Amino acid sequence: MLLSHEKGNTWRHPSEDFSVSNIRYFSRHKGEVNCCVFSPDCQILLSGCDDGRLYLWNATSAEHLATVSGHSGPVKSCVFSTDGQLFASASHDCTVRIWCSSSTKCLHILTGHTRSVETVSFSPDGRWLLSGGWDNRALIWRVQCGEMFEELQGHTAAVQSSVFSSDSQCVATGSWDRSVRVWKLHDGKEVVTLQGHLGNVACLCFSVTGMLASGSWDGTVRVWLPQRRACLFVLGGCERVWVRSLAFSRDGRVLASVAECDMVKQTHTHSHTPSHTHTHTHTVCAAQLDFDTSLHQVRIWDTTTGVCVKRLQGHKDSAFGCVFSPGGELLVSGSEQLDEENSTEERSERWTSLN
């Protein structure tokens, strides 16, 4: 993604060219879509579902490649390793699983947690895996052998989010105790505690430039410089929403966020066990970022000014997760989309133009 480009004598921000030009529906899920992530080469999209399964898709054609079973509870988080050879999943069944991407075989079952595991992250160097959950624990695992290496102690409530820095030297955790903690890898002591949120910290992401973004149930996104213990921006906060997911663009100049409205939270009951009675189609949609138009639901923020520069809409219900493709040209978001129009398998394979 270009940082900016010139049209005549006017400099334009890259997000001015964002819009939803096409939507591809990935809709064989049998429950709410809790997470989705691209493989590093952008060929595969991996999604985790309340039905306890993981789904692999061709990211271009939306062809369903495989359904991976093993967890006995909802899949709450999933992630690819940097080289794409592995993926990991965290579940309400209290386990973390490491899988081989090519064969979808389960290589390791990690059993250190005593309650639901809400987050899992690979280090960029591929050596370490971090998991966090409702037992207030953040655990670091050796990827090669599946053994626990150390526990990061300090949070006094559930650990719901985690992310490694791009150099694999630090890891950040977000908790229901309303704090963000940044830890030095292989050093048991905490590096810094970032406070300011008035609600549970539900999502985190690092930029390549070292900024850390945190999203909370207080409806705000905070952008930090962890080393300076400084908060650069507080984004949003004027609406009653629950920030569910964040993603920096490849260059770090743009931040995407998705949130669930407070009204939706009050009217939707999210079960912690898979529901096999749903008749609606639960989807992930992939939107190609193209020409300018003003839409809403997925917000695009300029991280140099803290201004919301775009609102993108593709879902008919609250979006639960978002992620940029490695090349930066795609943004994917997953939701509990009650979409009757795309409820059949035939229609779910179709491109829909919003232009």
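Four strands, in the order β20-β21-β22-β23, make up an open sheet in which the pairing is antiparallel; strands here are DSSP runs of E with at least two residues, helices are runs of H or I with at least four residues, and both are numbered from the N terminus, while two strands are taken to pair if DSSP finds at least two bridges between them. From one strand to the next the twist averages 20°, with axes given by lines fitted to C-alpha atoms and angles running from 0 to 180 degrees between N-to-C directions. Within the sheet, β21 (residues 212-216) and β22 (residues 220-225) run antiparallel and are joined by four bridges, and Leu212 stands opposite Trp224 in β22.

The model is predicted, so that local features need pLDDT of at least 70 and side-chain atom pairs count only at pLDDT 80 or more, whereas totals for chains, interfaces and linings use all residues. Residues are numbered from 1 along each chain as its sequence is written, and side-chain values use heavy atoms, with hydrogens and water left out.

The chain contains two helices and 31 strands. Of its 355 residues, 57% count as buried, where buried denotes under 20% relative accessible area, exposed over 50% and partly exposed the range in between (1.4 Å probe, protein chains only). The accessible surface comes to about 15,000 Å², and carbon and sulfur atoms account for 48% of this area, as computed by the Shrake-Rupley method with a 1.4 Å probe. Among the contacts with a separation of 6 or more, 50% are between residues 24 or more positions apart, a contact being defined by heavy atoms within 4.5 Å.

In soluble globular proteins, nonpolar side chains tend to be buried together. With residues up to four places away in sequence not counted, Leu110 touches Cys94, Thr95, Val96, Ile98, Leu129, Trp141 and Gly146.

His113, located in the loop between β11 (106-110) and β12, is buried, with a relative accessible area of 6%. Its side chain is joined to that of Ser131 by a polar contact of 2.7 Å and to that of Asp135 by one of 3.0 Å; a polar contact is a pair of N or O atoms within 3.5 Å, of which, within protein, one must be able to donate a hydrogen and the other to accept it, and residues adjacent in sequence count only if both atoms are side-chain atoms. Arg127, in the loop between β12 and β13 (128-133), is exposed, with a relative accessible area of 51%. Neighbours within four places in sequence aside, Arg127 is in contact with Trp141, Arg142 and Val143.

Ala256, in strand β25 (residues 254-261), is buried, with a relative accessible area of 0%. The C-alpha atoms of Ala256 and Leu331 are separated by 8.6 Å, although the two residues are 75 residues apart along the chain.
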